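User: I am new to reading protein models. Could you take me through this one, feature by feature?

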Amino acid sequence: MKNTVKKIAAFLIAVCIVLPALVGCHGSRILEPFVMPEELDLSREYEITFWAKNDTNILQTRIYEKAIADFQALYPNIHVNLRLYTDYGKIYNDVITNIATRTTPNVCITYPDHIATYRTGKNIVVPLDELFVNEKYGLGGSEVKFDSPTPAEIIPQFLAECVLDGEYYAFPFMRSTEACYINKTYVEKLGYTVPDVLTWDFIWEVSEAAAQKDADGVYLVNGQKVMRPFIYKSTDNMMIQMLRQRGAGYSTPDGEIQIFNDTTKELLFTIAGHVKNSAFTTFKIDGYPGNFLNAGQCVFAIDSTAGATWIGTHAPLSDISEDSLVEFETVVRPIPQFDPEHPTMISQGPSVCVFNKEDPKEVLASWLFAQFLLTNEVQIAYSQTEGYVPVTSKAQNSDEYQDYLSRCGEDHKTYYDVKIQAAKLLLANTENTFVTPVFNGSVSLRDASGQMIENVTKSIRRKETVDEAYMEKLFADMTSLYRLDQRSTEGGNTAGNKTELGALPAASVTLLGALAAAWVLIILYVGIGFIKKAKK
Amino acid sequence: MKRILALVMVFVLALSLAACNTEKTGDGKDPKSEGVMTYAEYAAAELETPVVIEAFVQAKQAWYEPAATTSIYAQDADGAYFMYRIACSAEDYAKLVPGTKIKVTGHKAAWSGEVEIVDATFEIIEGSTFVAEPLDVTAMLADEKVIEHQNKLVAFKGMTVEATKDADGNDVAFLYNYDGSGEEGSDLYFTVSVNGASYSFTVESDLCGVDSDVYKAVKNLKIGDKIDMEGFLYWYNGVNPHITSVTPAK
């Protein structure tokens, strides 16, 4: 009996020692902070993964592939595996899933909003400050085998968007903004002239005029039975930019939610009024703005400058049949403004982050590849696939890029005029761009801001009453649906805050059970021994 | 005793077979419950109005976890319905096998020409089942009236795989994504022709993933192959069927 108890106790103690190590392998052990290695050991092999997003554009895929091939030619021991996405949301979901299993990619295209959530796991994303300026391997470092930009050559506004809690957790890869793509032919047919800077009053007035039909339901401006005068692709951006232009609350930098205010309500009532007259709709409700514009069924289409290749009669990319295309003159303007003297527009576009790993040299290898994405060759090539702009002054000022801009309209492919006009729009307005504060939960706030416009638009179309009571309920519903009342307002980063973690994982339950059983048996063993001794 | 037991077993087996047969022979003509639209009433309903329908699940797309939604292709004897991102728990999702009868409450909408039910909820109705026979619409493809069969399970017979240009201008039989920008797991696009007209067909990866027979079959297509297909008559600025089966033409 004594031997059996001893064996069981020994076994359970062994289990208690081994199990934590096994459990640790599966992700619950916290990664150590990244420490910059002295050297990158290039005598060994590195396997890194790169999760990239493209706009369903084969040219972008090719540029990623070429970047990998060119990088591997310089660093043959660093093997980069590409995984392609066409949706930021899917990358975000997959990263969240893979944080738990410690299988995040090494390098990832992302949005700073998303990084704020990734960072709720400790030491998951590598802060880049030290890497940026490292003498050997930093931007423009002495050991870097390619011509990378210096930190000062990254456009400051774009780089500043990647700061979280005072540190750089990403760097910009491409930047875009939104543009209003206009059927100038229809605007003039309606008796208006397209101004250099659009105002909201102008766009609403012309949209109302374009919504006029004859007795047979045929729209006067296009002679068709379909007309969506004004379509907005991203209603998140619509609300965010309108609030910014009005100087109204959205959120504070540390995550206090301010969006449920009187200005928001006023804007929603205005939008509702124009929906009622069939002057306004959204991508989510009706379809891609560019498709309606190209079919002569829309006057104002607001979409990303990174969607410019889909817009216009001669757009290189098209989703509608040839016979549906209508000939018209397209002009590109910044989004409408409340104060045309002080135009304001959002800055958006992909950024790049580097994930932490147990091996700091693997992280360094990842950083080198990430840095390669900032070379002129990658920057200029990728920016030309859409209405993106390069994020470095080194690329923007290069002869090659300046030549590209100067050849606007030379063909309907590389030099497609709408695309280059869209890029020029951002280059001319970089100083007028802004980004929203980033914190854990800022993704939900962004979703809620657009959802309010979608809900109001649907409700009006469904002939529901949109009044004060509706707005109060809408605010309450958004707060609840997006859990905007469950955020800490004490700090942007909630990594240290208590959160609901759900049920314990099975491995943890097993471990705790084993520990409890071991203690019971140890006490039993000691107790039996004590009793036996006492009897003697 | 043994004989009685054997008889009972035979009886139970007979009942089981009868039950199976009942499920297979459903015709989708169940009378609608109170307050439920007929297909004709649904078709006549204005966009953006509330609709309540009963139909039988023919297929479902992947379950979208963050919002707990899926998209469903459903049909009754008179017509077909597409439920876009309908609220669906993981438990209910598992129950949505082809033939399952559901009652759907939502709003009628149209997105790029696809008529669908949005902002919807559903309940499963136990009892009868119905799996539609595919309707051959090959001869109707060029006819505007083909839209009347939108969302139905349909068949295309004897169509020819046409060359699709990839980004380098090469002739290929299919592309990952519409322009080849995707990879394994992306939607597959291929061009097929009949009666001198060409059409773009899709294998929607959310409906038939990489492990499905149709995904593998499309990857093995050669330009010039004559094929029969089945799928759902989805719409995206025109006919854009979501193909679920590809076999050599008979």
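Analyst: Start with contacts along chain A. This is a predicted model. Count the contacts in chain A with a separation of 6 or more: 74% of them join residues 24 or more positions apart.

User: What share of chain A counts as buried?

Analyst: Chain A has 536 residues, and 44% of them count as buried.

User: How many helices and strands does chain A have?

Analyst: Chain A has 20 helices and 14 strands.

User: How do I read a sheet?

Analyst: Begin with the general idea. Strands of a sheet pair through backbone hydrogen bonds, in a parallel or an antiparallel way. Now take the case here. In chain A, five strands form an open sheet with mixed pairing. Read across it and the order is β9-β8-β10-β7-β11.

User: Why is one side of β9 and of β11 in chain A left without a neighbour in the sheet?

Analyst: Both stand at the edges of the sheet. β9 (280-282) and β11 (330-334) of chain A each have a single partner strand, so one side of each has no neighbour there.

User: In which sense do β7 and β10 of chain A pair?

Analyst: They are antiparallel. Five bridges link β7 (residues 178-183) with β10 (residues 300-304) in chain A. For one bridge, find Cys180(A); its partner in β10(A) is Ile302(A).

User: Which helix lies across β7 and β11 of chain A?

Analyst: Look for α17 of chain A, residues 417-429. Helix α17 runs at about 15° to β11(A).

User: How do I read two helices packed together?

Analyst: Check the distance between axes, the angle and the hand. In chain A, take α10 (residues 262-276) and α18 (residues 442-461). Their axes come within 9 Å and cross at roughly 40°. The crossing of α10(A) and α18(A) is right-handed.

User: Which residues make the contact between α10(A) and α18(A)?

Analyst: From α10(A) come Leu268(A), Ile271(A), Ala272(A), Val275(A) and Lys276(A). From α18(A) come Met452(A), Ile453(A), Val456(A), Thr457(A), Ile460(A) and Arg461(A). By class, this contact has eight nonpolar, one polar and two charged residues.

User: Now chain B. Into which domains is it divided?

Analyst: Domain 1 covers 39-125 of chain B, and domain 2 covers 135-248. Taken over C-alpha atoms, the centres of these two domains of chain B are separated by 23 Å.

User: How are β2(B) and β3(B) arranged?

Analyst: They run antiparallel, joined by six bridges. Together β2(B) and β3(B) form a hairpin, with four residues between them. Ala74(B) stands opposite Tyr81(B) of β3(B).

Terms used
Residues are numbered from 1 along each chain as its sequence is written. Chains are lettered from A and ligands numbered from 1 in the order in which they are written. This is a predicted model: local features need pLDDT of at least 70, side-chain atom pairs count only at pLDDT 80 or more; totals for chains, interfaces and linings use all residues. A residue is buried if 20 or more other C-beta atoms lie within 10 Å of its own, exposed if 12 or fewer, and partly exposed in between; C-beta atoms are placed from the backbone. Two residues are in contact if their C-beta atoms, placed from the backbone, lie within 7 Å. Two strands pair if DSSP finds at least two bridges between them. Axes are lines fitted to C-alpha atoms, for helices over the stretch in contact, and angles run from 0 to 180 degrees between N-to-C directions. Domain bounds come from an automatic or database domain assignment. A crossing is left-handed if the near helix is turned anticlockwise from the far one by less than a right angle, and right-handed if clockwise. Ala, Val, Leu, Ile, Met, Phe, Trp, Tyr, Cys and Pro count as nonpolar, Asp, Glu, Lys and Arg as charged, and the others, Gly among them, as polar.
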